[in-house]
Amino acid sequence: MIPKLDDYKSKWQLESTDMIKPGLEAITNALKLLDHPEKKLQVVHIAGTNGKGSTLTFLEQIARLHGLSVGKFMSPCIVDVHDQIQINGQPISEQELDAIFKVMKKAGLHNRLTDFELLTCVAFLQFARKKVDLVLLEAGMGGREDSTNVIVPIVSIIPSIALEHTKFLGNTIESIAAHKAGIIKIDTPVVIGRLPEDALTIIQKEASEKNAPLRIIGEHFEIEASLEGDSYSNHEKGITISQLERKLPGRHQGDNMALAITAFFEVADHFQLTVETQKLRDGVRAARLPGRFEQVWSNIYFDGAHNPASAQKLVDTLQAEFPNNNIRFVIGMLADKDVATVLSIFETISDEFYFVDFSNERAMEAENMIGISKAAKKCILNKKISDFTHCEGITVVTGSLYLLTELRGRPEFL
């Protein structure tokens, strides 16, 4: 459930289903009824297992500092439905969302779409109405049959590929890569992160068939860390940009930053902009993203790690940032995730776990998670998270972005 979305659906008597229904027929028909707002937009499209939100956040800051107005559509929400659709960092207002629901009701979208398809229409209408220069569009699930895949972008980005949503995308890396590869368009450049070899092969094949130029990290561009900040090198352009100071920690965030910079070169070419090194540096430094190693109190962090790949990245970051600190986890997860593997990864650096129930219908009960965990100290959370500020060491609240969203709205937990 997306917080506050049902309020608008009820007010305008415009129903949609919360089921997942891959395919483009419904969204294509809906956009035709809305006079194709998506055709009025200049878009960067991103699909992948992890890293989408961080990559778009780097790209957003860099683009804004180069004078572009930027619309961003992302999921899940941070607090409620409004923050999934932003322009220059500002969520869509209640008045704006009201006006768009009125348009969609009049267009006859009642009972035609899923919730995510409906929100995709909202995003396209909002960005077209406000005439933003650039839209950063995050696929909801997969890519090929995702409702966002109705546009022809300036550039596509695929940061990572790992097992996820296997019920819909298949249970192999190859099948998931085939879905992600669907965002690749004819003659449109694609920026690629560090992919498993099997996934990279499929991406390369799709790009070749569509004559889409590939920009692959480690081959066409590099990122190198140092005490003075990261250094980005682009071999094709023959440039190196040093002293890139990120506030988002972790080696994986260096990769995401590099993907964003590489994609921005394509955006700059499209808009005939001169890329300014200092504005790149300032954009990187300004990038923040709730739920990605977000410091909430002095020794408490929120992170949305929800699958084995992101769990391992979180562990790597914790070991690098806090090598001599005790770590404890507060965790709530969706039952359709690989809970056992995620817990086993976290258990390599901690033996203290607090499990929490939250209201998402897909959430695993805390009691069931205790049964899966092999930690020596494990219990259901029975205090406020802020109480951990008085405890020695670092507390990490993680397992699901949906959990973090709910916690922000429930002061009895914080």
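Two strands count as paired if DSSP finds at least two bridges between them, and the strands (E, at least two residues) and helices (H or I, at least four residues) are themselves DSSP runs, numbered from the N terminus. This is a predicted model, in which local features need pLDDT of at least 70 and side-chain atom pairs count only at pLDDT 80 or more, while totals for chains, interfaces and linings use all residues. Residues are numbered from 1 along each chain as its sequence is written, and side-chain values use heavy atoms, with hydrogens and water left out.

Let us begin with strand β15, residues 352-355, where E352 and Y354 point one way and F353 and F355 the other, all of them buried, which is to say under 20% relative accessible area with a 1.4 Å probe and protein chains only, as against over 50% for exposed and partly exposed in between.

What does β15 pair with? Strand β14, residues 327-331, runs parallel to β15 and is joined to it by three bridges, with V330 standing opposite Y354. Strand β16, residues 377-380, also pairs with β15 in the parallel sense, over four bridges, and here I380 is the bridge partner of F355.

Turning to helix α2, residues 25-33, we find I27, which is buried with a relative accessible area of 0%. Setting aside residues up to four places away in sequence, I27 touches L113, E117, T120, C121, S147 and V150, where contact means heavy atoms within 4.5 Å.
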